[in-house]
Amino acid sequence: QEYTALKLKVVEWAPKAAEAVKGKIPEDAKVYLVPATLRAETMYGQTCCFVGPTITYGLYKASEKEYFVITERAAKNMAYQGIFEKEGVPEKAADVLGSDLIGTLVNPPLSFHKEVRVLPMESVLATKGTGVVTSVPSDSPDDYAMVTELAKKADFYGIKKEWAELEIIPIIQTPSSDLLAPYLVKKLKIASPKDVKQLLEAKELAYKEGFYQGKMLVGEFAGEKVEDAKPKVRAQLIKAGEAFAYSEPENKVVSRSG
Ligand code: ZZB
């Protein structure tokens, strides 16, 4: 499985995360949350970044002045793939619990929303990708169901309601809708992130319709088919130093919905 790993720069830490990293990295170091995605062409529509609240993340040294927030498992894979300056064993500067990251402000490359918050998602798997997931509610039914839930129960989740209410901008046009994920969530009567089975079905439908029938509505490749735009957007992000290729051993790939 070849992912695109995206660099979301930390602009401001949540208080507990700030405590966890204090004095552990150089003052002028840049830190990134690094989600792994299969949908580089949707990055215009990022509205937040999900972490698993019970997952322990590490701050791993990518180069002298750059650190990545990812799972240990991902750090080991990256060290092995020559993504870090130092090959072999990853260097960890600090641990930080997912729940302590919530509220952290990050800058997602390419996105219309220049600053988005880190928010909780229980279904994030520590065993897949980097354990960090960027949220695109226009095109990912899981993400749409989760941001809807977070906005509804902001107090319960310990977040500010407005963090989950960023405008959802149409990115891709398909025969069904310009906002395929919200459309499918409604159509399959998905009420919450707990509707795992319907969400899995919605995800499969969204992947298929988005890829084979989707047309870009925004960005440099507006008007082009998703099929054609996808590799171009990815190449652009990589060239700009805002993303890199990250691959996962095949047998370890598990679907988000089990
Ligand atoms: C942005 C995005 C935009 C994604 C979209 C999907 C869609 P899959 O499909 O389940 O095999 N993901 C990545 N890592 C994790 C994790 N550790 N736990 C849970 N979910 C994870 O895996 C690929 C997708 O699952 C990734 O692509 C990521 O969400 C999420 F419009 O990134 B995606 C129809 C889907 N649309």
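**Figure 1. Strands β9 and β10 in the predicted model.** In this predicted model, strand β9 (residues 105–107) and strand β10 (residues 116–120) run antiparallel and are joined by 2 bridges. Residue V106 has V116 of β10 as its bridge partner. Strand β10 also pairs with β5, here in the parallel sense and over 4 bridges. Strand β10 is mostly covered, since 4 of its 5 residues are buried.

**Figure 2. The open sheet that contains β9 and β10.** The sheet is built from 9 strands in the order β8-β6-β7-β3-β2-β9-β10-β5-β11. The sheet is open, and its pairing is mixed. Which strands stand at the edges? They are β8 (92–97) and β11 (132–135); each has a single partner strand, so one side of each is left without a neighbour in the sheet. On average, neighbouring strands of this sheet are turned by 35° against each other, direction ignored.

Figure 3. Helix α2 (residues 72–80) lies across β6 (56–63) and β7 (66–70). The direction of α2 is at about 135° to β7. Helix α4 (residues 141–152) lies across β5 (48–51), β10 and β11. In this case the helix runs at about 90° to β5.

Figure 4. Residue D142 has its place in helix α4. Is D142 buried or exposed? Its relative accessibility is 6%, and D142 therefore counts as buried, the cut-off being under 20%. A distance of 17 Å separates the C-alpha atoms of D142 and A154, which are 12 residues apart along the chain. Helices α4 and α7 pack at an angle of about 130°, and their axes are 8 Å apart. The two helices are therefore oblique to each other. At their contact, P141, D142 and A145 of α4 meet L199, A202, K203 and A206 of α7. This contact of α4 with α7 comprises 5 nonpolar and 2 charged residues, with no polar ones. In general, an α-helix has 3.6 residues a turn, so residues three or four places apart point the same way.

**Figure 5. Helix α6 and its cover.** In helix α6 (residues 180–187), the residues L180, A181, P182, L184 and V185 are buried. What covers these buried residues of α6? The cover includes helices α4 and α7. After α6 comes K189, which has a positive phi, near 55°.

**Figure 6. Helices α7 and α8 in contact.** Helix α7 (residues 196–213) packs against helix α8 (residues 226–239) at an angle of about 95°, with 6 Å between their axes. The helices α7 and α8 are therefore roughly perpendicular to each other, because angles of 65 to 115 degrees fall in that class. Residues G210, F211 and Y212 of α7 meet V226, E227 and K230 of α8. By class, the residues of the contact of α7 with α8 divide into 3 nonpolar, 1 polar and 2 charged.

**Figure 7. Aromatic ring pairs.** A search of the whole structure finds 7 aromatic pairs. In one of them, the ring centres of F68 and F244 are 5.5 Å apart and the planes are at 10°, so the pair is stacked. F68 belongs to strand β7 and F244 to strand β14 (residues 243–247), so this pair ties together parts that are 176 residues apart in sequence. Both F68 and F244 are buried. A further pair is that of F211 and Y212: the ring centres are 5.0 Å apart and the planes at 85°, so this pair is edge-to-face. F211 is partly exposed, with a relative accessible area of 28%. Y212 has a relative accessibility of 57% and therefore counts as exposed, the cut-off for that class being over 50%. Ring pairs also link Y32, F68, F84 and F244 into a cluster.

Terms used:
Residues numbered from 1 in each chain as written. Predicted model: local features only at pLDDT ≥ 70, side-chain atom pairs only at ≥ 80, totals over all residues. Heavy atoms only, no water. Axes fitted to C-alpha atoms, helices over the stretch in contact; angles between N-to-C directions. Parallel < 35°, antiparallel > 145°, perpendicular 65-115°, else oblique. Contact = heavy atoms within 4.5 Å. Nonpolar A, V, L, I, M, F, W, Y, C, P; charged D, E, K, R; others polar. Pairing = 2+ DSSP bridges. Phe/Tyr/Trp six-rings, centres within 6.5 Å; stacked < 30°, edge-to-face > 60°. Buried < 20%, exposed > 50% of the residue type's maximum accessible area, 1.4 Å probe, protein only.
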